[in-house]
Amino acid sequence: MKYSEANRRVKGWDTSIDFIEADMSDGRSVVLRRSGRNYMWIVDGFDKVLMTYQADEVPYEAIKLLIELHETPVEEREDEKKYYIKVASIDGGLYLNYVKEEKNFTFSTKNEIATHQTQFTKQEVNSWLKATTLAIDWDKALEEVPGDEVSDD
C-alpha cells in the first residue's frame, strides 16, 4: 500500500484525523493524529513492529490499515515523484502540457485538467528524450510537484 492511498482511506472515514509519515531513529513511523494528539501509531523497526494507541476506542479500519501498511515493504510505500516542466517564466510560468486526445504537446499553465496532463514522472520524461526533438533544457525545466498537488493519474 502506498502512503498516499493510506492517507486517502483515513480521510474517507474521518477528515479530522491527520496521517503523518516520518523516519525515526529506530525505523519508519506512521502516526494517526486527531486534534493535535497522537491517536494511533506504528513504528517499523528493523526486526519488530510497535503498534500503540491512546484512545478509548480505535476503529477496526485503523488497525487494519496500519497492519496492511506495515506488511508493504518500506521501499514500495512511496509514490513515484512527479514533475512539472517549466519552459518559461512568463506570467507566473509556462509549462509543458500533454494533450491526451491529440497525443501532442502544448504550452500552458501547470493546472491539470481532464484533457491535459501537466504532471510527469522521470520515466515519462526520459522516454521523450529518446522519442522527440523537444529543445528543452530538462535539467533546468523539471520542477517537483509538491505532495499535496500530485494527481492520481
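Student: Is Lys 103 in this predicted model buried or exposed?
Tutor: Buried means under 20% relative accessible area, exposed over 50%, and partly exposed in between, using a 1.4 Å probe and protein chains only. The relative accessible area of Lys 103 is 63%, so Lys 103 is exposed.

Student: In which loop does Lys 103 lie?
Tutor: The model is a predicted one, in which local features need pLDDT of at least 70, side-chain atom pairs count only at pLDDT 80 or more, and totals for chains, interfaces and linings use all residues. Residues are numbered from 1 along each chain as its sequence is written, and side-chain values use heavy atoms, leaving out hydrogens and water. Helices (H or I, at least four residues) and strands (E, at least two) are DSSP runs, numbered from the N terminus. Lys 103 falls in the loop between β6 and β7 (104-108).

Student: What is the phi of Lys 103 near?
Tutor: Most residues other than glycine have a negative phi. Lys 103 is a residue other than glycine with a positive phi, near 55°.

Student: Is Gly 92 buried or exposed?
Tutor: Gly 92 belongs to the loop between β5 (82-88) and β6 (94-99). Its relative accessibility is 69%, and therefore Gly 92 counts as exposed.

Student: How is α1 directed relative to α2?
Tutor: The axes of α1 (residues 3-13) and α2 (residues 60-71) come within 11 Å and cross at roughly 180°. Axes are lines fitted to C-alpha atoms, for helices over the stretch in contact, and angles run from 0 to 180 degrees between N-to-C directions. Angles under 35 degrees count as roughly parallel, over 145 as roughly antiparallel, 65 to 115 as roughly perpendicular and the rest as oblique. The crossing therefore makes α1, relative to α2, roughly antiparallel.

Student: Within what arc do the buried residues of α1 fall?
Tutor: The buried residues of α1 are Tyr 3, Ala 6 and Val 10. The arc is that of the directions from the helix axis to the C-beta atoms. Seen down the axis, these residues line one face of α1 because they fall within an arc of 60°.

Student: What arc do the buried residues of α2 cover?
Tutor: Ala 62, Leu 65, Leu 66 and Leu 69 are buried in α2. They lie on the same side of α2, because around its axis they cover an arc of only 95°.

Student: Which exposed residues are on the face of α2 turned away from its buried side?
Tutor: An α-helix has 3.6 residues a turn, so residues three or four places apart point the same way. The face of α2 turned away from the buried side carries Tyr 60 and Glu 71.

Student: How far apart are the end C-alpha atoms of α2?
Tutor: The expected span of a helix is 1.5 Å times one less than its number of residues. The 12 residues of α2 should therefore span 16 Å, which agrees with the separation of its end C-alpha atoms, 17 Å.

Student: Which residues does Thr 72 contact, leaving aside neighbours within four places in sequence?
Tutor: Thr 72 sits in the loop between α2 and β5. At 10% relative accessibility it counts as buried. Beyond those neighbours, Thr 72 is in contact with Met 1 and Arg 77.

Note on methods:
Contact means heavy atoms within 4.5 Å.
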